[in-house]
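Here are my notes for a first look at this one. Have the sequence open beside the picture while you read.

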Amino acid sequence: MEDQAEQLREMMRNRVARPVGTAATNDDARAGIERGRRKTRIITVTSGKGGVGKTNVSVNLALAYSRIGKKVVVMDADLGLANVNVILGSIPKFNLYHVIRKQKTMQEIMMQTPYGISIVAGASGFSKIANLNEEERQSFITELDTLTNADIIIIDTAAGVSDNVLDFVACAEDVLIVTTPEPTAITDAYGIIKIIATEIDNLNMSLKLVVNRVKSYAEAKKVADRMTSIAGQFLNLKVEYLGCIFDDQVVSQAVLKQKPFMVVDPKCKASQCVQHLVGRMEKSEIKGQGSFSGMMRRFFGREG
Ligand SMILES: Nc1ncnc2c1ncn2[C@@H]1O[C@H](COP(=O)(O)OP(=O)(O)OP(=O)(O)O)[C@@H](O)[C@H]1O
Ligand SMILES: [Mg+2]
């Protein structure tokens, strides 16, 4: 692995490992960032195949979190084809393009939505920034740390594997892998899990599977059982089945209305499922990650 890439990952590992109460530096501003970081939970939402529902999961998960009193920011890290703002009906004046160009800070471009969550809009149509260089990625992630007021930052990534996506995975506490029951989506989800397992050492996050667009709990469970057992068997990796979201016509209707489905119909099947996902996330947080991430590291230690 490149030196610089390894440095970045080291920075991410320290981010999680630094004990509460230790100031990282004498610089006040930086110390503030470090304090903020510890409070802020980063959830990265990713997938192998495109179009499986990451953006809808990210935005509606954010809404469900905000309804239990959490301050949430959704960051659209799809730097090629951004669309978090589209499904929220927001027209941002500035986006990550301006941050990467150092014309604005991430704090400055963060915008409130009418739904109680904030967003950091992605950039669309700039192929250059869809693949940032190492230094740009590093400064991007440093900027991310300035969003200290949030309890939770949900990062909606582009589909598939790029170095950008891997960095957003590396800096998260939780990584939600979204798939649908389609064989192509399952195969690609397995592909990204394998890449995460091989590219990121000393994993400090937990991998959680969300099966979207299911017709029944049994269908979702079948997909999840298959994926979690394959990941365990062939990658020696624990992937937790977080839950499913039903295929629900309210979702596409909401997308057309440019409103989150949790807003269009908070009681529809998809909304109920997302609320359950947050319930389970909260439970897994309470249980504590120490032993789980320790277990992940042990797995990787064996692999390496
Ligand atoms: N649970 C669901 N029920 C019905 N339709 C859904 C559901 N989830 C997603 N969809 C449909 O799939 C479309 C794509 O969803 P979304 O944009 O969230 O996927 P994505 O993974 O973010 O895509 P991309 O990889 O392009 O970023 C939605 O516009 C919606 O029509
Ligand atoms: Mg998307």
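The points below go from the overall picture to single residues.

1. Before anything else: this is a predicted model, where local features need pLDDT of at least 70 and side-chain atom pairs count only at pLDDT 80 or more, while totals for chains, interfaces and linings use all residues. Residues are numbered from 1 along each chain as its sequence is written, and chains are lettered from A and ligands numbered from 1 in the order in which they are written.

2. The overall count is 15 helices and 8 strands. Those names come from DSSP runs (H or I of at least four residues for helices, E of at least two for strands), numbered from the N terminus. Of the 304 residues, 45% are buried. Here "buried" asks for 20 or more other C-beta atoms within 10 Å of a residue's own, "exposed" for 12 or fewer, and "partly exposed" is in between, with C-beta atoms placed from the backbone. Take the contacts between residues at least 6 apart in sequence: 76% of them join residues at least 24 apart. A contact has C-beta atoms, placed from the backbone, within 7 Å.

3. Now the sheet. It is open, has 8 strands with mixed pairing, and reads E3-E4-E2-E5-E1-E6-E7-E8. Strands pair if DSSP finds at least two bridges between them. At the edges sit E3 (111-112) and E8 (239-246), each pairing on one side only. Helix H3 packs on the sheet and touches E1 (41-46), E2, E5, E6 (174-179) and E7, its direction making about 170° with that of E5. Helix H11 (217-235) also packs on the sheet, touching E6, E7 and E8, at about 150° to E7. Those angles run from 0 to 180 degrees between N-to-C directions, with axes as lines fitted to C-alpha atoms, for helices over the stretch in contact.

4. Have a look at E2. Strand E2 (72-76) runs parallel to E5 (152-156), joined by 5 bridges. Val72 stands opposite Ile152, and Met75 has Ile155 as its bridge partner. E2 also pairs in the parallel sense with E4 (118-120), over 3 bridges, with Val73 partnered by Ser118. How many residues of E2 are buried? The count is 5 of 5, so the strand is largely enclosed by the rest of the structure. In a regular strand the side chains alternate between the two faces of the sheet. In E2 both faces are covered, with Val72, Val74 and Asp76 on one side and Val73 and Met75 on the other.

5. What surrounds ligand 1? The shell has 19 residues, and the closest are Gly50, Gly53, Lys54, Thr55 and Asn56. To be in it, a residue needs its C-beta atom, placed from the backbone, within 6 Å of the ligand. Elements giving two or more residues are H3 (54-67), E7 (206-214) and H12 (249-257). By class there are 6 nonpolar, 8 polar and 5 charged residues. For the classes, Ala, Val, Leu, Ile, Met, Phe, Trp, Tyr, Cys and Pro are nonpolar, Asp, Glu, Lys and Arg charged, and the others, Gly among them, polar.

6. H10 (183-199) has 17 residues and should span 24 Å at 1.5 Å a residue; its end C-alpha atoms are 24 Å apart, which agrees. The expected span is 1.5 Å times one less than the number of residues. Its buried residues, including Tyr190, Ile192 and Ile196, pack against E1, H9 (163-170), E6, E7, H11 and E8. H9 itself is mostly covered, with 7 of its 8 residues buried.

7. Finally, some single residues. Ile109 lies in H6 (106-109) and counts as buried because 20 other C-beta atoms are within 10 Å. Beyond neighbours within four places in sequence, its contacts include Phe94, His98, Val120 and Ala121. Lys102 is in the loop between H5 (96-100) and H6, is exposed with 10 other C-beta atoms within 10 Å, and has a positive phi of about 60° although it is not a glycine. Gln258, in the loop between H12 and H13 (261-264), has a positive phi near 55° and counts as exposed, with 12 C-beta neighbours inside 10 Å.

How values were computed. Two residues are in contact if their C-beta atoms, placed from the backbone, lie within 7 Å.
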